[in-house]
Amino acid sequence: MEPRNQTSASPFILLGLSEKLEQETLLFSLFLCMYLAAVVGNLLIILAISGDSYLHTPMYFFLANLSLVDFCLATNTIPKMLVSLQTGSKAISYPCCLTQMYFFHFFGIVDSIIIAVMAYDRFVAICHPLHYATIMSPRLCGLLVGVPWAFSCFISLTHILLMARLVFCGSHEVPHYFCDLTPILRLSCTDTSVNRIFILIVAGMVIATPFVCILASYARILAAVMKVPSAGGRKKAFSTCSSHLSVVALFYGTTIGVYLCPSSVRTAVKEKASAVMYTAVTPMLNPFIYSLRNRDLKGALRKLVNRKITSSS
């Protein structure tokens, strides 16, 4: 007898970060604060860049898109977890699970590619400063942002279509706090080899390839900076890249561990810890990383806050 597909009748049970009831209040408070910081920080970045004509440059255009993606990535996963912690209801229907999975991968892929695009922008600015305005034209900037969104839509939809053909006839308990591909695949009682092969292909395209491009860009940047005669000039060049390098380390350090490491060294605890980093910690920290070390952005944020205070008084 073939296994009966129970996905339409039985929802998945998201076990969350911890099964200990006494830790749920602490987790709720912690993730609520992280989510609010991510939302406020990223929205302020977007508003400051859009409201200050001085920041209408390719670098800040890409940063505004990164902030939008970080906001959406955090919103796709954390509110559901907060509701589960508050109400104790850990069930998520099959359609809702697929929807959350789709948007998680959609925004995650866009995030990865935009971070690589920002490295290319820094490469052009430092290695070809006289041709920067010509190379980074509005048309190219639009393509560098628009293509990742379209590409991500196609890849994420393919993931969902491959997932929708699977049968889940055993346990529906997911040892995670949101619907991710790998934990859900482990629950299927049908062949998932096609799904796993596609995951590796996509990981190579949207994680490994952008990461290699980032390394190549910074290798060229380092070579160019070392040729600058003055120490002050070298310091200024490196300072424009330090914030982006911090974001690269945060994002790729966790995603590579989840999607490119062998399954034999991955555990549910490690997967959840890594997921917290790129769904909560990174979206929360990115606005601070970019604003604290960027004089122009800090000035735009002060103007934005002053305008709001003036208009409300």
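A disulfide here is a pair of cysteine sulfur atoms within 2.5 Å.

## Ground rules

The model is predicted, so to speak of local features pLDDT must be at least 70, side-chain atom pairs count only at pLDDT 80 or more, and totals for chains, interfaces and linings use all residues. Residues are numbered from 1 along each chain as its sequence is written, and side-chain values use heavy atoms, with hydrogens and water left out.

## Cysteines that pair

The cut-off gives two disulfides. In one of them, Cys 97 and Cys 179 bring their sulfur atoms to 2.1 Å apart, and the link is left-handed, with -120° about the S-S bond. Distant parts of the chain are joined here, 82 residues apart: Cys 97 sits in helix 3 (residues 94-127), and Cys 179 in the loop between strand 3 (173-174) and helix 6 (181-185). Helices (H or I, at least four residues) and strands (E, at least two) are DSSP runs, numbered from the N terminus. Both Cys 97 and Cys 179 are buried, where buried means under 20% relative accessible area, exposed over 50% and partly exposed in between, with a 1.4 Å probe and protein chains only.

Cys 169 and Cys 189 form a disulfide too, with sulfur atoms 1.9 Å apart. Cys 169 is in the loop between helix 5 (138-164) and strand 3, and Cys 189 in the loop between helix 6 and helix 7, so this pair ties together parts 20 residues apart in sequence. Cys 169 is partly exposed at 28% relative accessibility, and Cys 189 is partly exposed at 36%. With the bonded cysteines numbered in sequence order, the pairing reads 1-3, 2-4.

## Cysteines out of reach

Cys 96 has its closest cysteine sulfur in Cys 97, but the 8.8 Å between the sulfurs is too far for a bond. Cys 96 is partly exposed, with a relative accessible area of 44%. Cys 153, from the opening question, is also partly exposed, at 34%.

## A bent helix

Helix 7 (residues 193-226) has 34 residues and reaches 48 Å from its first C-alpha to its last. That is close to the expected 50 Å, which is 1.5 Å times one less than the number of residues. Helix 7 bends by about 35° at Gly 204, the bend being the angle between axes fitted to the seven residues ending there and the seven starting there.

## Pocket and cavity

On a 1 Å grid over the protein atoms alone, a cavity is a set of points where a 1.4 Å probe fits but cannot get out, and a pocket is an open set with protein on both sides within 12 Å along at least five of seven lines; lining residues have an atom within 4 Å of a point. Grid points are joined across faces, edges and corners, and a volume is the space filled by probe spheres set on the points. The largest pocket has a volume of about 600 Å³. Its lining has 20 residues, with Met 59, Tyr 60, Thr 240, Asn 294 and Asp 296 nearest the centre. Helix 8 supplies the largest share of that lining, five residues.

There are three cavities of 30 Å³ or more.
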